[in-house]
Amino acid sequence: MRILEAKNLTKIIAGKTIVNNINIEINSGRLVALLGVNGAGKSTTIKMLTGINSPTSGDVEIDGIKPINKSFSHKIGVVFQNSILDADLTVKNNLWTRAKMYKNIDKNYVNSLIEELGLQGILNQKYKTLSGGQRRKVDIVRALVHKPKVLFLDEPSTGLDIQTRSKIWQFINNLKIKYQLTILLTTHYLEETEQSDYVYVISNGKILAADNVSNLKAKYAENTLKVRFKDNSKGIQFLNENAIAYRLVHNKYLLSIPDDVSAIRIISAMQSNVFDFEYQHGTMNDVFLNLTGSRLDEND
Amino acid sequence: MINLTKRNLILYFSNKSNVFFSLLASLISFGLFILFIKNNLQAQWHATSIYKGLLDNWIIGETLNTTAISASLTALTRYVYDKSNNVIADISLTDLYFKHLQASYLLSAMIISTIMQLFTFLFMSTYFSLADKINFQWNLIPTILPTMLFVSLVWTSFGFIIASLINNQDALSGCYSIINTLAGFFALVYFPLMTLPKFGQLIIKLTPTPYVSAIYRNILMHDTVNQAFKNTPLKIVNNFKDQININIGNFKTLSSQFLILIGFILLFIFIALIISLRQRKNLID
């Protein structure tokens with residue numbers, strides 16, 4: 001069931017087109033990533049999808065409701081890139097101050113959210129004393145107090161170390177399952193897209209590709225087999241005879257391989273002449289490179 | 001709205017530097033008065049206990065004014081901070097209407113300003129009752145407390161115009177520094193209004209500052225002026241009141257001074273509403 005639909009969204013600020021006619025459709029219960037470098041238009045897109053910014057043109061609907069309708073905000077929870085909670089208030093104060101700004105808040109639900117998501121131990125701690133990962137969890141719980149259907153996260157793991165990022169991702173995945181949430185997040189971390197059900201690749205305000213990760217890799221990335229030969233001339237002869245495309249990089253031959261089976265077959269056939277080899281599946285970085293002309297990790 | 005107001009109050013009072021900087025302007029003018037000005041003025045006004053009481057209440061009046069300005073503006077920095085850090089954007093996703101959101105900031109700033117003024121009044125009154133052996137005017141509290149609230153409304157509505165126009169904390173700090181500096185001058189602490197050139201008098205009279213100071217002096221010095229000038233012709237009394245800025249031009253009575261401040265409040269609220277209506281669309285863009 002389609003829960004989010006954005007059609008022809010455009011945002012022009014001071015004559016500059018930040019987001020250019022993008023379309024996004026998300027089915028209920030999916031985890032969708034919006035992947036792009038800094039300045040690609042991700043945050044602006046999220047702000048339009050959440051109704052925080054109005055688009056220059058285009059429409060957004062979530063569960064059939066448009067942002068102009070006051071009940072729209074009940075459908076969504078938003079975790080901003082920079083925390084919006086108060087450093088000098090405790091976790092408890094922060095969460096309940098926000099929760100009480102909603103009418104008919106379910107207090108039992110909020111309490112169960114706090115308990116189930118492991119915040120009991122830090123409830124009376126001031127927000128500023130929490131670690132980066134703990135703050136993120138609290139930010140996410142704040143976004144869930146009113147039982148939204150769609151959770152938006154704007155770069156949820158930026159600034160966190162790799163272990164904490166991994167924990168936050170587990171946390172988000174668990175939320176998706178436990179609370180049947182639809183999640184849309186923006187990211188410039190490729191490993192985060194690997195865990196998504198669907199990815200929109202955005203660059204310069206435009207959607208360049210949209211599909212699940214496997215299909216994106218199949219379309220835009222190639223698997224590579226790196227081989228070092230004992231005898232280069234014999235190795236090159238074999239490759240030419242079998243019409244295998246290759247290029248030489250730092251004394252290793254990079255072969256374009258369609259799949260794992262082909263890689264095994266080639267290595268087996270050349271095994272007497274192979275000094276060492278390395279097989280790599282196409283990565284999201286390759287996808288991004290082929291779509292935008294630059295590697296995402298160059299932009300970190 | 002109550003929750004947001006409570007949150008603003010907790011954040012203000014839990015931050016010691018907020019409280020300190022709200023009082024700083026007042027502490028400075030009080031310190032300058034004690035160190036450099038008091039003796040000269042006492043000599044001019046003849047140092048009897050009645051005159052001492054006059055002088056002390058005079059400076060309390062001015063200090064309450066500067067405290068009100070400083071505290072209101074400091075309290076409203078929370079609004080600018082929240083605008084520039086997506087907090088308003090987050091709160092706008094709740095069921096709180098935008099007008100109630102803004103009202104929360106105004107209400108918390110008013111409460112903060114009133115509390116800081118009350119603290120200043122109690123502190124200075126206690127100091128002077130100990131240092132100069134003057135009577136602590138407990139009987140004035142039922143009058144002075146609502147006046148503090150009223151004055152808070154004047155400065156909060158003015159401060160809200162500034163806070164609505166500025167979206168950057170650095171710019172706001174700069175603006176507030178200028179206002180706080182000018183406030184000390186416009187409150188007519190160190191010289192009578194009538195000693196200024198006509199144009200200078202006009203500029204000052206176009207701000208609420210002298211009227212607020214005048215109201216406080218009117219209330220605080222009422223009994224001591226009456227005692228000091230018992231059986232004195234009204235012309236001389238008025239002349240004295242002109243000298244010490246209890247009379248501001250033709251606004252010589254408490255009611256006229258309150259009326260003009262009501263006019264200022266209505267003007268500031270009107271301007272703030274216009275800015276607010278335009279800003280609602282742009283505030284979180």
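The UniProt record, an unreviewed entry, annotates residues 4-229 of chain A as "domain: ABC transporter". The model shown here is predicted. In it, the span 4-229 of chain A is 33% helix and 30% strand. Its end C-alpha atoms lie 53 Å apart.

**Nonpolar cores**
- The largest nonpolar core has 160 residues.
- Within this core, A:Leu151 and A:Phe152 touch the most other members.
- Helix α3 (residues 49-84) of chain B gives the most to this core, with 14 residues.
- Beyond its neighbours within four places in sequence, A:Leu151 is in contact with residues including A:Gly77, A:Val79, A:Ile140, A:Leu175 and A:Ile183.
- A second, separate core holds 13 residues, among them A:Leu255, A:Ile257, A:Ala263 and A:Ile266.

**Helix α11 of chain A**
- This helix covers residues 284-292.
- Its buried residues are A:Met284, A:Asn285, A:Asp286, A:Val287, A:Phe288 and A:Leu291.
- They pack against strands β3 (31-35), β8 (198-203) and β9 (206-211), and against helices α7 (190-194) and α8 (213-220), of chain A.
- After α11(A) comes A:Gly293, with a positive phi near 85°.

**A helix pair in chain B**
- Two packed helices are described by the angle and the distance between their axes.
- The axes of α6(B) (residues 141-165) and α7(B) (residues 169-186) come within 10 Å and cross at roughly 145°.
- The crossing is right-handed.
- From α6(B), the contact uses B:Phe158, B:Gly159, B:Ile162 and B:Ala163.
- From α7(B), B:Leu172, B:Cys175, B:Tyr176 and B:Ile179 take part.
- Of these contact residues, 7 are nonpolar, 1 is polar and none is charged.

Note on methods: Residues numbered from 1 in each chain as written. Chains lettered and ligands numbered in written order. Predicted model: local features only at pLDDT ≥ 70, side-chain atom pairs only at ≥ 80, totals over all residues. Heavy atoms only, no water. Axes fitted to C-alpha atoms, helices over the stretch in contact; angles between N-to-C directions. Helix = DSSP H or I, 4+ residues; strand = E, 2+ residues; numbered from the N terminus. Left-handed = near helix turned anticlockwise from the far one by under 90°. Contact = heavy atoms within 4.5 Å. Nonpolar A, V, L, I, M, F, W, Y, C, P; charged D, E, K, R; others polar. UniProt positions renumbered as here; feature names shortened; annotations may be inferred. Buried < 20%, exposed > 50% of the residue type's maximum accessible area, 1.4 Å probe, protein only. Core = buried A, V, L, I, M, F, W, Y, C linked by side-chain atoms within 4.5 Å.
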